[in-house]
Amino acid sequence: MELKRVVVTGLGALTPIGNNMPTTWANMLAGKSGAAPITQFDTEKFRTKFACEVKDFDPSGVIDAKEVRRLDRYSQFSMVVAKEAYVDSGLDLKHEDATKIGVIWGSGMGGLHTFEEEHGAFATGDGTPRYSPFFIPKVIHSMAAGHISLMLGLKGPAFVVTSACSSSSHAIGQAFDTIRLGRADVVFTGGADADIRPSGIGGFNSMRAISTRNDSPETASRPFSKSRDGFVLGEGAACLILEEYEHAKARGAKIYCELAGSAATADAYHMTAPDPSGAGAANVMRLALEDAHIQPEAIDFINTHGTSTPLGDVAELGAIKQVFGEHIYAMNLDSTKSMTGHLVGAAGAVEAAACVKAIECGIVPPTINHEEGDEDEKIDYRINFTFNKPQQRDIRYALSNNFGFGGLNACLIFGKI
């Protein structure tokens, strides 16, 4: 069968550097860091005392106050960005078949806030279980998709993908396939996570995965620099409206770009560490290029996974070199995690949205926090990492990588239309 074309017609974002897509994008281009001391709990006894929190979050414009109490923070994030993307898309649901509009979402950790609060109360109480009747509906990952579909009356395919840091990229790939196979006309896709909790910070600290640069949080996320010492945990969400091309044209939609290819692979190497050979990461990029029916030389920009970890940055660059060869020096690479931090299950969605905006605006956001003389002998600095300042560039195709614990790899390719 002939696969249908899929385009992006709406965007929404809620990040540590902006409470909507326009503000997030403007602050990306300005090189603004979202890292600051944690405000959500007392960090006195923690090795890491900072993160990339969403600031001044107020869901009241989208969610009724009574309903807010029944929703975990990650679900609130999800609904807010879905509503923003819906408005941005210009869709009129009164004139659409609700059974042909779906929600395919990603979340790595689900309702961590609720789990801590509810189980913490039980653990410190007299042993009597006094759990809220909303405990399970607030905790489970799938409720983000459920609440978006409830809010907008969407009756097409609806589910949540969980694959750690690749969750929302895998969700976008699933939404892509759902539309091009004709199973939906429109899909709200993306992801959300809100993991800045004692268990989140404590767990990542025990793994030595996150930065401990407490004296300078705003410079702690420094992908591809020698002094990188781990990622900065973040929270947030993003939504992309994916739409079948002819459906979008028929309603006169604004089209940002085309989603041209996607792929998923596994390293089968280690529970948390990347395969140093880069085989799985290289394979996922090759498969995405094959799916998009383009050659490596067509890619102008890669928004890398770029977590700012000693092992991860080197492994990813090795994989990119395997796939692109000498063309790696003709591309722009960046890591928007240098500004947003690592949003776990929401990372892929936010970074996909950044690729969409980069194509639309013809500009590559920077990788911030690189200082002269902070070069790692394992990293090839002939590569253009777009350090510290954005760069104007006509972008034909942009590629976004995400790699999750367990060796779960995802790759998306967006193209100018």
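Cysteine 52 is buried, at 2% relative accessible area. By buried I mean under 20% relative accessible area; exposed is over 50%, and partly exposed lies in between, with a 1.4 Å probe and protein chains only. Cysteine 52 is in no disulfide, and the nearest cysteine sulfur, that of cysteine 165, is 14 Å away. A disulfide here is a pair of cysteine sulfur atoms within 2.5 Å. The structure holds zero of them. Cysteine 361 is in no disulfide either; the nearest cysteine sulfur, from cysteine 257, is 11 Å away. Cysteine 361 is partly exposed, at 36%.

A word on the basis. This is a predicted model: local features need pLDDT of at least 70, side-chain atom pairs count only at pLDDT 80 or more, and totals for chains, interfaces and linings use all residues. Residues are numbered from 1 along each chain as its sequence is written, and side-chain values use heavy atoms, with hydrogens and water left out.

Now salt bridges. The criterion is a side-chain nitrogen of Lys or Arg within 4 Å of a carboxyl oxygen of Asp or Glu. The whole structure has 19.

Take glutamate 246 and lysine 249, with closest N and O atoms 3.8 Å apart. They sit three residues apart in helix H9 (residues 245-250), so about one helical turn separates them. Helices (H or I, at least four residues) and strands (E, at least two) are DSSP runs, numbered from the N terminus.

Next, arginine 382 bridges to aspartate 380 at 3.0 Å, N to O. Arginine 382 is exposed at 59%; aspartate 380 is buried at 15%.

Last, aspartate 394 and lysine 416 form a salt bridge at 2.3 Å, N to O. This pair links distant parts of the chain, 22 residues apart.
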